[in-house]
Amino acid sequence: MNSNSLVSISDISKEEILRLLENARYFEENPNHKILDGKVVATLFFEPSTRTRLSFETAVNRLGGRVIGFSDASTTSSSKGETLKDTIKMVSNYVDLIVMRHYLEGAARYATEVTDTPIINAGDGAHQHPTQTMLDLYSIYKTQGTLDNLTITMVGDLKYGRTVHSLLMAMQYFNPTFNFVACDELKMPAEYKEFCDKKGIKYTEHKDFSQEVINSSDIIYMTRVQRERFTDIMEYEKVKNLYNLHNAMLDNSKDNLRILHPLPRVTEIDQDVDDNPKAYYFQQAQNGLYARQAIICRALNIDIKEVQKS
Amino acid sequence: MTGKKELAVAALQNGTVIDHIPSSVLFDAVKILGIEKLDTHVTIGNNLNSKKLGKKGIIKVADVEFPEATLNRIALIAPSAVVNIIRDFEVVEKHQVQLPDNIVGIVKCGNPKCITNNEPMKTRFEVVDRENVTIRCHYCGHSVTNKEAQID
């Protein structure tokens, strides 16, 4: 077990979150560094995710490290029945850091228990994806200049969307006000509302994606409403267009409003929003690179302050 | 018949009696404690009348004193169970089982996509609510109450 592993956003404190954001900002200004010279990082993608894998591999390459790994478990021994434990133990012999994505929930936590090599969770099923949360936080921080006292509107699939759940947990330190906009079938689960109640976080729930909600927001976090989430297909047909964002809906929104989306988007953000300066989802994905550079350095115990001096 | 049963009970010179187990979970408790593997005298009674529980089960094991941690493993399904330790026909110790903070390797996680259902490994749960006896999977975060929990 390595204490620099990152499995869940709730593993790290407010101070660590703030330090990671500062370091992400440093990497945005100075993306190329040879601080991973001689280090080898494994990217083990038991489930394909091109976007996340390329972002991690770019982060390692820009820091001067080397990458080994696979992008699809069907070409590895796990397709022959090798256990996750054995795969992790074997790879640990070769590398300084393991970045892993797995289709099973809890896989990353288990991996930390079978090796002393640090593990970064790049997504485990519907469970956790902390580097996505860090890039969301960095995007909010960068566009708003602060994480404190913001009104954040979450729209779409609030029931199954792990990104909204993790973001909600991470924002607990920063006195947010949440608007939860979703249909009944996909509304925010009770456990997260209880979490807000316990932490004294203000929230309101809405079925309508109304002008009032939009105009009060500093951040609108859009998510995709997926057909397979519905038990009743009629219900899906009824709600599928209710939570779509069009450019005209932003006419009276705040100047500092930014639209975020974890991507890939389908129809929930109309193409006509893309040219609005408040659309931020493509830059958001780019911020993932800097956030991951900061997280990789944390996992390898590299002090950025020392790097800055040299 | 009654006299014979009482005799069998009284004959326990040394060992452990676990009383006040709800009837519905008696055999789960037997399994958790590994009683099937013992070769000493074991008496199991079930559906006995109980003022507290309506119907209760009881387990009497001769010549064995279980470690505290082993006995506490049944607290999840039988929080009302009472342990009596018998030495030389006397009850020398009597206490209720205690729910531990962590439950390792008894409960099966109800989430089919949890790593614990797909790797040869022990499950691990943390008790998150003692009042309603709710436990959460250490790996996938899935929560269940003791009434829904599947014993592995």
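Modeller: In this predicted model, I would begin with helix α1 of chain A, where A:Ile17, A:Leu20, A:Leu21, A:Asn23, A:Ala24 and A:Phe27 are buried. As for what the buried residues of α1(A) pack against, their partners in chain A are α5 (130-144), α6 (162-170), α10 (281-299) and α11 (304-309).

Chain A also holds an open sheet of five strands, in the order β7-β6-β5-β8-β9 and with parallel pairing. At its edges stand β7 (202-206) and β9 (258-260), and because each has a single partner strand, one side of each is left without a neighbour in the sheet. On average, neighbouring strands of this sheet are turned by 20° against each other, direction ignored. One of the pairings joins β5 (residues 151-155) to β6 (residues 177-181) of chain A, in the parallel sense and over five bridges; within it, A:Ile152 has A:Phe178 of β6(A) as its bridge partner.

Turning to the other chain, 14 residues of chain B are in contact with eleven residues of chain A, and the side of chain B that touches chain A is made up of seven nonpolar, five polar and two charged residues. Chain B itself has three helices and eleven strands, which follow one another along the sequence in the pattern α-β-α-β-β-α-β-β-β-β-β-β-β-β. Its C-alpha trace spans about 50 × 30 × 25 Å along the principal axes, and 29% of the 152 residues of chain B count as buried. Among the contacts in chain B with a separation of 6 or more, 61% are between residues 24 or more positions apart.

The domain assignment divides chain B into domain 1 (2-96) and domain 2 (102-151), whose C-alpha centres lie 25 Å apart. Seven residues from domain 1 of chain B and seven residues from domain 2 of chain B take part in the contact, and on the domain 1 side that touches domain 2 there are four nonpolar, no polar and three charged residues.

How values were computed. Residues are numbered from 1 along each chain as its sequence is written. Chains are lettered from A and ligands numbered from 1 in the order in which they are written. This is a predicted model: local features need pLDDT of at least 70, side-chain atom pairs count only at pLDDT 80 or more; totals for chains, interfaces and linings use all residues. A residue is buried if 20 or more other C-beta atoms lie within 10 Å of its own, exposed if 12 or fewer, and partly exposed in between; C-beta atoms are placed from the backbone. Helices (H or I, at least four residues) and strands (E, at least two) are DSSP runs, numbered from the N terminus. Two residues are in contact if their C-beta atoms, placed from the backbone, lie within 7 Å. Ala, Val, Leu, Ile, Met, Phe, Trp, Tyr, Cys and Pro count as nonpolar, Asp, Glu, Lys and Arg as charged, and the others, Gly among them, as polar. Two strands pair if DSSP finds at least two bridges between them. Axes are lines fitted to C-alpha atoms, for helices over the stretch in contact, and angles run from 0 to 180 degrees between N-to-C directions. Domain bounds come from an automatic or database domain assignment.
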